[in-house]
Amino acid sequence: MSEHVCAVGDLAPGEAMRTEVDGVAVAVVRDEAGGYHAIGDACTHGNVSLSDGEVEGATIECWLHGSTFDLRTGRPLSLPATKPVPVYLVTVEGEAVLVDATTVTNDQ
Ligand code: FES
């Protein structure tokens, strides 16, 4: 089920925030083009919060060892992480950003 996580204006392009949806830690990320993404908020290398990382284009970089994850596919684009993070369904309805943490849209 989709949950309201923030308003469209709450994140500027290039910003990320941590939230919890149905008990799942989720990083809600606005890419630099303005699109919204929701990924698991745990780096698959060291289990640190990806929402504290740096957004570049449609990627986010883990702050600890620098793996970059594609926000659309969840795949790491650079080492040391080798496994994808889950990507969750995001919908924007009017001013509301909704995330469904029960719907994973990428291959794990
Ligand atoms: S903890 Fe994220 S790359 Fe190592």
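**Strands, turns and a charged patch**

The structure shown is a predicted model, and in it E61 belongs to strand β6, which covers residues 59–61.

Reader: Is E61 buried, partly exposed or exposed?
Author: E61 is one of the residues that form a negative surface patch, together with E32, E54 and E56. Residues count as buried under 20% relative accessible area and as exposed over 50%. Because the relative accessibility of E61 is 35%, this residue counts as partly exposed.

Reader: Which residue in β4 is the bridge partner of V29?
Author: Strand β3 (residues 24–30) runs antiparallel to β4, and 5 bridges join the two. They form a hairpin with 5 residues between them, and G34 in the turn has a positive phi of about 105 degrees. Within β4, the residue that partners V29 is H37.

Reader: Which residue in β8 stands opposite I39?
Author: Strand β4 (residues 36–40) is mostly covered, with 5 of its 5 residues buried. This strand also pairs with β8 (residues 87–93) in the antiparallel sense, over 2 bridges. Opposite I39, the residue in β8 is V87.

Reader: What is the relative accessible area of N47, which has a positive phi?
Author: Most residues other than glycine have a negative phi. N47, however, has a phi near 65 degrees, and its place is in the loop between β4 and β5. N47 counts as exposed, because its relative accessible area is 62%.

Reader: Where does P80 lie, the residue joined to L79 by a cis peptide bond?
Author: The peptide bond from L79 to P80 is cis, with omega near 10 degrees. P80 itself lies in the loop between β7 (68–70) and β8.

Definitions and conventions:
Residues are numbered from 1 along each chain as its sequence is written. This is a predicted model: local features need pLDDT of at least 70, side-chain atom pairs count only at pLDDT 80 or more; totals for chains, interfaces and linings use all residues. Side-chain values use heavy atoms; hydrogens and water are left out. Patches are made of residues with over 30% relative accessible area and no salt bridge: like charges are joined within 9 Å, nonpolar side chains (Val, Leu, Ile, Met, Phe, Trp, Tyr) within 5 Å. Accessible areas come from the Shrake-Rupley method with a 1.4 Å probe; for residues, only the protein chains shown count as cover. A salt bridge is a side-chain nitrogen of Lys or Arg within 4 Å of a carboxyl oxygen of Asp or Glu. Lys and Arg count as positive and Asp and Glu as negative; His and the chain ends are not counted. The place of a charge is taken as NZ of Lys, CZ of Arg, CG of Asp or CD of Glu. Helices (H or I, at least four residues) and strands (E, at least two) are DSSP runs, numbered from the N terminus. Buried means under 20% relative accessible area, exposed over 50%, partly exposed in between (1.4 Å probe, protein chains only). Two strands pair if DSSP finds at least two bridges between them.
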